[in-house]
Amino acid sequence: MIEITDEEISLDRMIQRARSNDAGAIVSFFGTVRDDGIEKMEVEAFRVAALEELEAIRDEAMSRFSLKAAEVAHRTGSLDVGEGIVAIVCSAAHRDEAFAGCRYIIDQLKSRAPFWKKEISGEGERWVEGV
Amino acid sequence: MWVKVLAFAGFREILGREREVELEEAASVRDLLDALASTSPRFKETAFEPSGALRDYVLLMVNRKRIDPELDLARTLAEGDELAIFPPLAGG
């Protein structure tokens, strides 16, 4: 399942969906808002294009690494320090494929999926890597 | 003809999320960017070098497919096309 949501991400539910009797390994990545002296983070998406890109990345990972399942969730909206921004869960017969699939999806997501982050602190607001 | 412009992140704060722009038939992506610059000095300053070249951090999609700002600015637009303007991606 691919999800872009304003609601808090549940890694537990994603892991439950990725479980199957032919999967001996489940690997997850959970990216969270780090306290770099910020108060909040706002995450924005080009939602339709991001869903298409995440589906393409998921399909590539499924076939390259023989995954049994791949779940991707990305937050949008206003996030507090410590909240999850992105979660990826990959299941495979063995751990090597599950680790590689998870790594592939987060690396490709960062370079290809249209999301933007704005850091909000007491000193002002700043788009991360943005204008 | 009318085309749709979608703007994200810093460009959304300048242009608004979505707007329709009227252009001459067979206008190019460059024509559309110039039309936006003529209505918004802030957009012009943010998106273009003083020389008139598009700044490196301006990324574009036409109908949700990335285009190369070096090569594709002369690309002709059609009625109902959708141009998305945004800065470098920062997801995850």
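This is a predicted model: local features need pLDDT of at least 70, side-chain atom pairs count only at pLDDT 80 or more; totals for chains, interfaces and linings use all residues.
**View 1. The buried face of helix H2 of chain B.** In helix H2 of chain B, which runs over residues 29–39, the buried residues are B:Val29, B:Leu32, B:Leu33 and B:Leu36. Seen down the axis of H2(B), these buried residues fall within an arc of 100°, so they line one face of the helix. As a general point, an α-helix has 3.6 residues a turn, so residues three or four places apart point the same way.

**View 2. The contact between chain A and chain B.** Chain A contributes 23 residues to the contact, and chain B contributes 16 residues. On the side of chain A that touches chain B, helix H2 (47–64), strand E6 (84–92), helix H3 (95–112) and strand E7 (115–121) each supply at least two residues, with the largest share, four residues, coming from H3(A). Sorted by class, this side of chain A has 14 nonpolar, four polar and five charged residues. For the complex, the predictor gives an ipTM of 0.93 and a pTM of 0.94.

**View 3. The largest nonpolar core.** The largest nonpolar core has 56 residues, and those with the most contacts inside it are A:Cys90, A:Ile105 and B:Phe8. Strand E6(A) provides the largest share of this core, namely seven residues. When residues up to four places away in sequence are not counted, A:Cys90 touches A:Val27, A:Leu67, A:Ala70, A:Ala98, A:Gly101 and A:Cys102. In soluble globular proteins, nonpolar side chains tend to be buried together.

View 4. Because 22 C-beta neighbours lie inside 10 Å, A:Glu97 counts as buried, the cut-off being 20 or more. Leaving aside residues up to four places away in sequence, A:Glu97 touches A:Phe65, A:Ser66, A:Leu67 and A:Ala92. One of these partners, A:Ser66, is 31 residues from A:Glu97 in sequence, while the C-alpha to C-alpha separation of the two in space is 6.9 Å.

View 5. Helix H1 of chain A, residues 11–18, is the place of A:Gln16. With 12 C-beta neighbours inside 10 Å, A:Gln16 counts as exposed, because that class takes residues with 12 or fewer. Between the C-alpha atoms of A:Gln16 and A:Cys102, which are 86 residues apart along the chain, the separation is 16 Å.

**View 6. Chain A as the setting for the close-ups.** Chain A has three helices and eight strands, which follow the pattern β-α-β-β-α-β-β-β-α-β-β when read along the sequence. Its radius of gyration is 15 Å, close to the 14 Å that the globule rule gives for 131 residues, so chain A is as compact as a globular protein of that length. The C-alpha trace of chain A spans about 50 × 25 × 20 Å along its principal axes, and 38% of the 131 residues of chain A count as buried. Among the contacts in chain A between residues at least 6 apart in sequence, 77% join residues at least 24 apart.

Note on methods:
Residues are numbered from 1 along each chain as its sequence is written. Chains are lettered from A and ligands numbered from 1 in the order in which they are written. Two residues are in contact if their C-beta atoms, placed from the backbone, lie within 7 Å. Ala, Val, Leu, Ile, Met, Phe, Trp, Tyr, Cys and Pro count as nonpolar, Asp, Glu, Lys and Arg as charged, and the others, Gly among them, as polar. The radius of gyration is taken over C-alpha atoms; the globule rule is 2.2 Å times the number of residues to the power 0.38. A nonpolar core is a set of buried Ala, Val, Leu, Ile, Met, Phe, Trp, Tyr and Cys residues joined through C-beta atoms within 7 Å. The arc is that of the directions from the helix axis to the C-beta atoms.
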